Amino acid sequence: MSNPFSPEPARIVRKYKLTKDVKFFQIRFIDKERALSFEYRPGQFMMFSIPGTGEAPFSISSTPSRPGLLEFCIRKTGRLTEALFRLKENDEIGIRGPYGNGFPIIKMNGYHLFIIMGGLGAAPLRSLLLYTLDNRELFGRLHLLYGAKRPKDMLFKTEFFEFIEREDIECLLTVDKDDTGKWPCYKGFVNSLFQRIEDIKPDNTYACVCGPPVMYESVLNELVKLNIPKHQILMTLERRMKCGIGKCGHCAIEDIYTCIDGPIFTYWDVLHMKELI
Amino acid sequence: MRTLKLKKEKLDTFLFKVSKHGELWGPRKKGEVYIYDKIDDIKDLIKEPVTTFLPIKKLFLPPRFQMFHYNGKTYEENTEIFQQRIVYGVPSCEIHSLLIFDRVFGHTYKDPYYFKRREQTTIIALSCLPRESCFCKSTNTHVIEEGFDLAMTDLNDFYLVWVGTSKGDDLIRLSPDLFDRNVTQEDIREFIEWRERRNNEFNQTIDFVAIPDLMDLNYNSPIWEEFAEKCLSCGACSMVCPTCNCFDVIDEIELSDGSVKRERYWDSCMFKEYSMVAGGHNFREAKAERLKLWYTHKLHSFTGAYGKPSCIGCGRCIITCPVDINILSVVKALLTGKVDKNSLLTRKSK
């Protein structure tokens with residue numbers, strides 16, 4: 001019987017700072033075959049394992065359309081991330097996965113995509129974003145709306161700045177507060193970007209949202225105002241997880257397990273969850 | 001299903017034979033309670049049906065066990081050799097708890113730790129008559145059709161033995177001469193009488209089909225706050241509940257050589273830290289929220305996923321909860337809209 005709890009050996013290939021407390025990790029399975037044949041969907045997550053510290057789940061930030069390396073964007077918040085931040089390039093860690101439902105890519109084919117993120121919400125959505133850009137012909141219009149607190153808090157700035165000049169993506173970046181005086185893009189919360197959006201065919205649109213709790217309410221309001229169907233608004237939920245495979249019970253919300261039934265849910269699913277309203 | 005008869009006085013001989021086939025487990029007395037334990041001397045085995053303190057889950061999901069050993073290079077799966085075990089005296093409600101676990105631990109990903117122990121265990125079920133806190137007829141777990149290898153019904157001077165699996169048949173083959181194949185009309189009548197007697201002896205009846213709707217309607221009811229005021233968050237309900245399967249995982253570092261043991265141990269959603277994520281945010285800080293999760297999961301969610309509640313009617317929560325928060329008192333409150341303190345079983349009757 002294969003053991004789904006077994007971490008597989010992997011190596012930290014690159015590690016660098018994105019912001020004060022967020023680091024970027026490139027990780028590769030040590031087994032070459034495994035590294036190249038590993039399949040996943042945008043929106044899925046992996047369990048990281050550090051012996052003596054334990055395990056924790058992290059969203060995959062890279063796209064399956066670029067195999068070989070897995071990328072993660074991780075904020076230092078707890079015991080495991082502290083231990084992870086202490087590891088150096090070339091150090092080994094254990095990973096297992098991929099877990100979770102991921103985005104329903106096939107269903108989203110042909111649709112206009114809104115990718116809306118705030119702060120660390122860029123971590124899971126960057127995967128979808130890069131996947132869409134690598135398979136541009138499969139999707140309709142593409143909007144990226146990203147909000148950060150200040151210019152220095154914005155993740156993947158260089159990468160996203162390049163999108164502003166591209167013709168195949170409408171990239172709107174905003175900061176709550178510009179403390180540099182040199183911010184070249186928008187100012188204000190993410191929801192303020194909606195006034196710049198025109199010619200939406202709501203039935204033909206999927207919106208994917210991830211960000212801090214404060215962002216959801218205002219953004220969901222805007223999306224509902226645009227008449228985007230609630231089952232085409234997708235969001236990710238975060239819960240405590242110990243196993244990632246629907247056994248330990250920690251991530252339960254009523255009748256669903258965030259780890260196997262989620263972490264991607266439609267706005268309609270979420271409205272059904274009494275605990276969340 | 002094949003049925004045989006075993007004379008009462010032959011039970012010891014049969015179990016003795018069985019104990020040569022693998023480790024014999026079953027209920028024995030420890031202090032004031034009964035526990036499932038390894039039986040070294042057949043005299044210690046309680047042959048009559050009893051409600052043990054901890055349910056049968058402890059044999060398949062031990063309270064704490066090692067998952068991996070990290071030797072500094074790789075994670076070695078715990079290769080502890082599981083002995084062949086034969087468990088005697090498992091009541092039908094607890095057979096149902098294992099059927100529920102089979103689904104939970106087999107769903108999407110197979111949990112090897114559970115299924116290895118399951119494969120290595122032969123189960124001899126034992127029919128019982130309801131005790132005061134039993135309500136398995138309401139949960140429809142008073143009868144079994146699968147999930148056991150042998151099942152025995154205690155009639156006047158013999159046991160009716162149902163052979164459920166080929167593993168069960170192997171036990172019979174150890175001493176075929178002890179068994180009588182001739183089940184007479186008289187025996188059948190005796191069995192029917194026994195069944196009627198059992199069905200009429202239940203004190204409690206709960207309409208579980210109506211409960212999911214009531215859970216929905218009562219989601220914001222003040223009853224949850226009332227229960228929360230009493231709840232001690234001790235988690236005893238989860239420990240004794242045959243269908244509570246939550247666990248936590250912890251790494252323990254061996255100071256002598258720096259190797260690491262990854263261990264898995266019982267957890268309870270009644271504990272405050274249960275839903276706390278890194279950074280300190282707690283999704284269920286309030287006791288009422290945690291109580292609601294426990295009962296929603298048992299009585300609502302499970303019904304949605306599997307068509308029946310995950311309560312098996314064993315009554316352990318009734319016996320164990322020090323402040324009388326249990327399936328009965330909660331269902332009563334859901335039905336009446338208030339927490340009726342007088343309707344609960346008194347300490348004395350436990």
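In this predicted model, eight cavities of 30 Å³ or more are found, and the largest cavity has a volume of about 180 Å³. Its lining is made up of 20 residues, of which B:Cys244, B:Asn245, B:Cys246, B:Cys269 and B:His297 are the closest to the centre. Two helices of chain B, α3 (92–106) and α10 (287–306), each supply at least two residues of this lining, and the largest share, five residues, comes from α10(B). By residue class, the lining of the largest cavity divides into eleven nonpolar, seven polar and two charged residues.

The interface between the chains can be followed next. Here 46 residues of chain B are in contact with 38 residues of chain A. The size of an interface is often given as the accessible area lost when the parts come together; for chain B and chain A the area buried between them is about 3,400 Å², with 56% of it on carbon and sulfur atoms.

Polar interactions also cross this interface: 21 residue pairs are in polar contact, counting pairs with both residues at pLDDT 80 or more, and there are four salt bridges between chain B and chain A. In a salt bridge between A:Glu92 and B:Lys73, the side chains meet at 3.6 Å, N to O. On the side of chain B that touches chain A, two or more residues come from each of β4 (64–70), β5 (75–77), α3, α4 (112–119), β11 (247–253), β12 (260–266) and α10, and the residues of that side divide into 22 nonpolar, nine polar and 15 charged.

Technical notes. Residues are numbered from 1 along each chain as its sequence is written. Chains are lettered from A and ligands numbered from 1 in the order in which they are written. This is a predicted model: local features need pLDDT of at least 70, side-chain atom pairs count only at pLDDT 80 or more; totals for chains, interfaces and linings use all residues. Side-chain values use heavy atoms; hydrogens and water are left out. On a 1 Å grid over the protein atoms alone, a cavity is a set of points where a 1.4 Å probe fits but cannot get out, and a pocket is an open set with protein on both sides within 12 Å along at least five of seven lines; lining residues have an atom within 4 Å of a point. Grid points are joined across faces, edges and corners, and a volume is the space filled by probe spheres set on the points. Helices (H or I, at least four residues) and strands (E, at least two) are DSSP runs, numbered from the N terminus. Ala, Val, Leu, Ile, Met, Phe, Trp, Tyr, Cys and Pro count as nonpolar, Asp, Glu, Lys and Arg as charged, and the others, Gly among them, as polar. Contact means heavy atoms within 4.5 Å. Buried area is the accessible area (1.4 Å probe) that two parts lose on being put together, summed over both. A polar contact is a pair of N or O atoms within 3.5 Å; within protein, one must be able to donate a hydrogen and the other to accept it, and residues adjacent in sequence count only if both atoms are side-chain atoms.
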